[in-house]
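This briefing walks through the structure shown below, topic by topic. Please keep the sequence and the 3D view at hand while reading.

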Amino acid sequence: MNDTSLAKHFTIKDLIKYTVPSMFMMVVYSTYILFDGLFISNFVGSTAYASVNMVGNYLLVFPAIGTMIGSGGSSLISKTLGEDNREKASEIFSMIVWLSIILGCVFTGICFNSIEWSARLQGADGQLLKDCLEYGKNCILFYPVLHCADGISVFFYNGRKGRSGICICTAFRSNQYSIGCPVYHCI
């Protein structure tokens with residue numbers, strides 16, 4: 001077995017150093033969502049803001065599955081690398097990337113076809129329903145890429161490249177929500 005930096009005794013300082021990138025990413029992402037909501041409610045209107053809030057939770061379910069796949073796959077690859085089996089670890093990584101791509105496409109189809117059902121279930125009708133569908137379908141188009149980014153960014157944390165994972169996730173998420181944002185109602 002290789003002597004890796006994770007094989008040493010962990011102190012509180014090491015633990016904080018290892019977890020800060022993940023916490024920072026969540027703070028940045030949460031701040032982005034707060035400011036996005038602030039601008040939508042003030043500049044677009046309350047109906048658009050309500051549509052973002054109605055569709056938002058629905059849109060976060062499937063990327064969470066991408067993160068779960070990445071976390072489990074990252075643990076499996078770390079274990080395999082610890083057993084000094086690089087070839088098998090490479091095969092597992094390839095399988096996880098393909099699984100993320102395929103599931104991202106499948107979830108895109110599922111979400112695209114069921115977003116109206118979800119909005120109606122929450123009581124949307126009229127202009128609110130129209131805004132939910134426009135915002136949701138624009139965001140859903142990025143699911144395959146976002147699903148892969150969420151899953152693969154976890155590998156950066158295990159490889160001690162947390163800043164790269166932060167950059168990838170933040171870039172993909174901000175682009176997804178900026179393009180999906182119903183600012184076009186202002187025009």
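Helices here are DSSP runs of H or I with at least four residues, numbered from the N terminus, and Tyr 49, for example, is found in the helix labelled H2. The model is predicted, and its chain holds six helices and zero strands, which follow one another along the sequence in the pattern α-α-α-α-α-α. Of the 187 residues in the chain, 37% are buried.

**Helix H1**

- Helix H1 covers residues 12-44, and its end C-alpha atoms lie 46 Å apart, which agrees with the 48 Å that its 33 residues should span at 1.5 Å a residue.
- The helix has a kink of about 40° at Thr 19, a position shortly before the proline Pro 21.
- The buried residues of H1 are Asp 14, Pro 21, Met 25, Tyr 29, Asp 36, Gly 37 and Ile 40, so Pro 21 and the others in this list each have under 20% relative accessible area.
- After H1 comes Gly 45, whose phi is positive and near 135°.

**A nonpolar surface patch**

- Ile 12, Leu 15, Ile 16, Val 20, Met 23 and Phe 24 together make a nonpolar surface patch of about 580 Å².
- Val 20, one of the residues of this patch, lies in helix H1 and counts as partly exposed because its relative accessibility is 38%.

**The aromatic pair**

- A pair of aromatic rings is described by the distance of the centres and the angle of the planes.
- The structure holds one aromatic pair, formed by Phe 39 and Phe 43, whose ring centres are 5.7 Å apart and whose planes meet at 15°, so the pair is stacked.
- Both Phe 39 and Phe 43 belong to helix H1, where they are four residues apart, or about one turn of the helix.
- Phe 39 counts as partly exposed because its relative accessibility is 46%, whereas Phe 43, with a relative accessible area of 59%, is exposed.

**Helix H2 and the residues after it**

- Helix H2 takes in residues 46-82, and its 37 residues reach 53 Å from the first C-alpha to the last, close to the 54 Å expected at 1.5 Å a residue.
- A bend of about 30° occurs in H2 at Gly 56.
- Just after H2 comes Asp 84, with a positive phi of about 65°, and this residue lies in the loop between H2 and H3.
- Most residues other than glycine have a negative phi, and most peptide bonds are trans.

- Tyr 58 is found in helix H2 and is buried, because its relative accessible area is 16%.
- The C-alpha atoms of Tyr 58 and Ile 115 are separated by 8.0 Å, although the two residues are 57 residues apart along the chain.
- Tyr 49, also found in helix H2, counts as partly exposed because its relative accessibility is 31%.
- Between Tyr 49 and Cys 132, which are 83 residues apart in sequence, the distance in space is 9.6 Å from C-alpha to C-alpha.

**Salt bridges**

- Side chains of opposite charge can pair when their charged atoms come close.
- With a side-chain nitrogen of Lys or Arg required to lie within 4 Å of a carboxyl oxygen of Asp or Glu, the count comes to two salt bridges.
- One of them joins Lys 79 to Glu 83, with 3.0 Å between the closest N and O atoms.
- Lys 79 counts as partly exposed because its relative accessibility is 48%, and Glu 83 is likewise partly exposed, with a relative accessible area of 48%.
- Another salt bridge is formed by Arg 120 with Glu 116, where the closest N and O atoms are 3.0 Å apart.
- Arg 120 and Glu 116 are four residues apart in helix H3, which comprises residues 86-121, and so they are separated by about one helical turn.
- At 46% relative accessibility Arg 120 counts as partly exposed, and Glu 116, at 33%, also counts as partly exposed.

Technical notes. Residues numbered from 1 in each chain as written. Predicted model: local features only at pLDDT ≥ 70, side-chain atom pairs only at ≥ 80, totals over all residues. Heavy atoms only, no water. Helix = DSSP H or I, 4+ residues; strand = E, 2+ residues; numbered from the N terminus. Expected span 1.5 Å × (residues − 1). Bend = angle between axes of the 7 residues up to and from the residue. Patch = residues over 30% accessible without salt bridge, like charges linked within 9 Å, V, L, I, M, F, W, Y side chains within 5 Å. Areas by Shrake-Rupley, 256 points an atom, 1.4 Å probe, with all protein chains shown as cover. Buried < 20%, exposed > 50% of the residue type's maximum accessible area, 1.4 Å probe, protein only. Phe/Tyr/Trp six-rings, centres within 6.5 Å; stacked < 30°, edge-to-face > 60°.
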